[in-house]
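Hi everyone, thanks for coming. Please have a look at the model on the screen, and then I'll walk you through some of its side chains.

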Amino acid sequence: MKLQDSSSIHQQQEEAAPAEEDMCRIIEVASVVDLSHLAIPPPFAGDDLSLIPPLNFSMVDNGIFRSGFPDSANFSFLQNLRLRSIIYLCPEQYPDSNMEFLKSNGIRLFQFGIEGRKEPFVNIPEDMIREALKILLDVRNHPLLIHCKRGKHRTGCLVGCLRKLQRWCLTSVFDEYQRFAAAKARVSDQRGTRESELLHPLE
């Protein structure tokens, strides 16, 4: 799939409702980038371990990955995923080095500025989760990476809502959440996932 050109993106942004713009910041960092000529290098170059995954990296589903905040040491690893999109769940501006990586690889950035509070998802509007899920479920955005700062709570909440849409039982949803959140798993996050019954109808 080719990325939309800048004029098409501009027209779509003008037609979008202001409320939707507030929810998600879409950063178009490149037009069409042809990656078909890039060969996937072997994971090992001699004795050098050249591919380093980001903190808490894991595959969520076919074409969907999760992690903590990637840095320059992880770029070679991420390049091999041939990402089309990144869902970024923090309010802070993306670092320049990361933006350059996105630009050179034709990756779109969808930013949802969720504050890292003690109980981050208690007061998050349902519409924000809906919009993030729409981006996540659209296969035109795949392969896609979801990340926040450490790939634990904010990322875990969004993945948990995806699992509900996939008809996972709540026990399995919470077990997965706790594997990444470790001892700091928050009861409020789990309660929020349990109570988000309105996430099922996305229409």
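**Rings, charges and a few backbone spots**

Let's start with the rings: Phe57, Phe65 and Phe77 make up one aromatic cluster. Do keep in mind that this is a predicted model. In total, the structure holds six aromatic pairs. One of them is Phe57 with Phe65, a stacked pair with 5.7 Å from centre to centre and 20 degrees between the planes. Are these two buried or exposed? Phe65 counts as buried, because its relative accessibility is 12% and the limit for buried is under 20%. Phe57, at 24%, counts as partly exposed.

There is also a charge over a ring. Arg66 lies over the face of Phe180, at 3.7 Å from the ring centre.

Now, how many salt bridges are there? The count comes to three, so let's visit each of them.

For the first stop, go to helix α5, where Lys134 and Glu131 sit three residues apart, about one turn of the helix. Their side chains meet in a salt bridge, at 3.5 Å from N to O. Glu131 is buried, with 18% relative accessible area, while Lys134 is partly exposed at 41%.

Next comes Asp138, which forms a salt bridge with Arg140; their closest N and O atoms are 2.7 Å apart. Here Arg140 counts as exposed, at 52% relative accessibility, and Asp138 is partly exposed, at 21%.

Finally, Glu176 pairs with Arg163, with the closest N and O atoms 2.9 Å apart.

Let's finish with the backbone. Which residues does a cis peptide bond join? They are His142 and Pro143, with omega at about -5 degrees. You'll find Pro143 in the loop between α5 (126-137) and β8 (144-147).

Two loop residues have a positive phi without being glycine. Asn56 has a phi near 60 degrees, and its place is the loop between β3 (48-49) and β4 (58-61). Arg82 has a phi of about 55 degrees and sits in the loop between α3 (75-79) and β6 (85-88). Asn56 is partly exposed, at 23% relative accessibility, and Arg82 is partly exposed too, at 31%.

Methods:
Residues numbered from 1 in each chain as written. Predicted model: local features only at pLDDT ≥ 70, side-chain atom pairs only at ≥ 80, totals over all residues. Heavy atoms only, no water. Helix = DSSP H or I, 4+ residues; strand = E, 2+ residues; numbered from the N terminus. Buried < 20%, exposed > 50% of the residue type's maximum accessible area, 1.4 Å probe, protein only. Phe/Tyr/Trp six-rings, centres within 6.5 Å; stacked < 30°, edge-to-face > 60°. Lys NZ or Arg CZ within 6 Å of the ring centre and 35° of its normal. Salt bridge = Lys/Arg side-chain N within 4 Å of Asp/Glu carboxyl O.
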